[in-house]
Amino acid sequence: MDRADIVKALRGPGQWGHKYSLWAVYFCTGCGIIEIPPVITSRWDAERFGVLPMATPRQANLFMITGYVSVKTLRAIVRTYEQMSAPKYTVAFGSCPVNGGMYWDSYNTIKRIDKYIPIDGWIAGCMPRPEAIFIAVTKLWHMIDVGAATGWKRYQENYDHYKSNQDQVLGTFQERDEPQGGTVPVGECTPGTGLSG
Amino acid sequence: MQPVEFVLSPLVAFFVGVFFLGFSRKLTARIQRRYGPPLYQPVIDVVKLFAQRSISHGVLFEVGVVVSLVGSVITVMFIPLGRICPLCSSGGLLVVMYLMLFGPLGLALGAGESANPNASIGVSRKMLLALAYEVPFLLVILSVMCHYGTISLAEIVAQQQAGRWGLLSLPLALSALAAFLILPAMLGIRPFDLVSAPQEIASGPLVEYGGRYLAVIAIQGAFHSFIVIALFVDFFLGGGTNVGTFLLKVLVVFAAGVLINAVLPRVKIEEAIKFCWKWPVALAVVSLALSVVLR
């Protein structure tokens, strides 16, 4: 860890910041929620690596997708990812986002998450140990150093590709409280329909 | 008053405030038996936030954070930091009282522009909490002004250094206790961190802020904690004969605040108001009455 290397920090302050200040939004869709609390609290203490949990995607630059991704949560994942500030890194945690894991033949589970949003690193296992998150973080530092963690650039350059993949899955699925087209005419907001579905 | 003090005073506040951010994280980590981040972690965070691309929701969204930061920077100049005090000769406590409101109001203005429901809840909580601690805080200020017979902060500090600390003279000891009880509410730390409660309302007014706006807000927060604690030190702990002793006292008070923050859980907004309007107000009223009678 060259966090205290002042010369290197002054040469590239932005990169120094991106590396050692990873604020994470944990998207806990399933079993991964059990592994995260020991990581961020006293037992494993992720804060010594500069990794902090954040409550909102606007403040975060590390996106951890833990556990399986269903079609319904994919919409929320895409929305969360698009809300994050630009140099942003994604890590898929567990077997399920990699290839479906034990839900490999489920009709309702996304098998490969990187068809829909770019993924910088994978942590395989069902479930991985909390230490695997630190291995992933140090690996991510190396990737940022050599300029390989460019998922957010890939997303911008190949947006049409990702968008068409997303539409293929989400096109037929419409949330009850979300009108088609994205904008809500003021008169049409009827209260109380949000949770009815 | 020298021109160099106009630069020196905010610089001292900035560096001490940023040091506080790191110090509080390290101390909290040690209390929770963790190793914790390095002391300079807030510097890394702020540098990163400035290097990120940031999303704005409109002009007020940007103006709000700037108003809040500028308000805090100007407030620092009215507070004696040891011998450094560029604007001590004018205004005094009355100006400080008004200027301290700029921080919360600017942030409320910016957060309102983001139109996020969590931000609205956070802003309403912030205003209610300000209402809760302003009442005892004004009573404390009033009793300090009555006791020393002046509204000038420099004069209050000079009188304490000639005689006894405010904390050690009888009516003001009660005021000091009242001020210490509302200190966590003014700093926005636990048990009164309900404004930016991350688990409940996704960090409240800051919910839509990211990138360089969040960096400015972090710096403003550092200034704000420094201002609140510097006021406490100037009122009750005799200020400082030079910057060194002053900052030492500030550090001691801040460490006490961090210890409270590390062990207590969060209260609800109605409990916070009930607490602030009960014991601190009672203590401050008794102290005010005594300082009027004994004078």
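Two residues are said to be in contact when heavy atoms of the one lie within 4.5 Å of heavy atoms of the other. The structure described here is a predicted model, in which local features need pLDDT of at least 70 and side-chain atom pairs count only at pLDDT 80 or more, while totals for chains, interfaces and linings use all residues. Residues are numbered from 1 along each chain as its sequence is written, chains are lettered from A and ligands numbered from 1 in the order in which they are written, and side-chain values use heavy atoms, with hydrogens and water left out.

Leaving aside neighbours within four places in sequence, Asn261(B) is in contact with Ile189(B) and Arg190(B). Asn261(B) belongs to helix α11 (residues 243–263) of chain B, where helices are DSSP runs of H or I with at least four residues, numbered from the N terminus.

The C-alpha atom of Asn261(B) is separated by 8.2 Å from that of Thr28(B), although the two residues are 233 residues apart along the chain. Thr28(B) is found in helix α1 (residues 3–31) of chain B and, at 11% relative accessibility, is likewise counted as buried. When residues up to four places away in sequence are not counted, Thr28(B) touches Val258(B) and Ala262(B). A polar atom of the Thr28(B) side chain lies 2.5 Å from the backbone oxygen of Ser24(B).

Aromatic residues were examined next. Rings of Phe, Tyr and Trp (its six-membered ring) form a pair if their centres lie within 6.5 Å, and a pair is stacked if the planes are under 30 degrees apart; by this rule, the count over all chains comes to 21 aromatic pairs. One of them is the stacked pair of Phe61(B) and Tyr209(B), with 4.2 Å from centre to centre and 10° between the planes. Because Phe61(B) lies in helix α3 (residues 59–77) of chain B and Tyr209(B) in the loop between α9 (198–201) and α10 (211–236) of chain B, this pair ties together parts that are 148 residues apart in sequence. Both Phe61(B) and Tyr209(B) are buried. In chain A, one aromatic cluster is formed by Phe63(A), Tyr81(A), Tyr155(A), Tyr159(A) and Tyr162(A).

Note on methods. Helix = DSSP H or I, 4+ residues; strand = E, 2+ residues; numbered from the N terminus. Phe/Tyr/Trp six-rings, centres within 6.5 Å; stacked < 30°, edge-to-face > 60°. Buried < 20%, exposed > 50% of the residue type's maximum accessible area, 1.4 Å probe, protein only. Polar contact = N/O pair within 3.5 Å; in protein donor to acceptor, adjacent residues only side chain to side chain.
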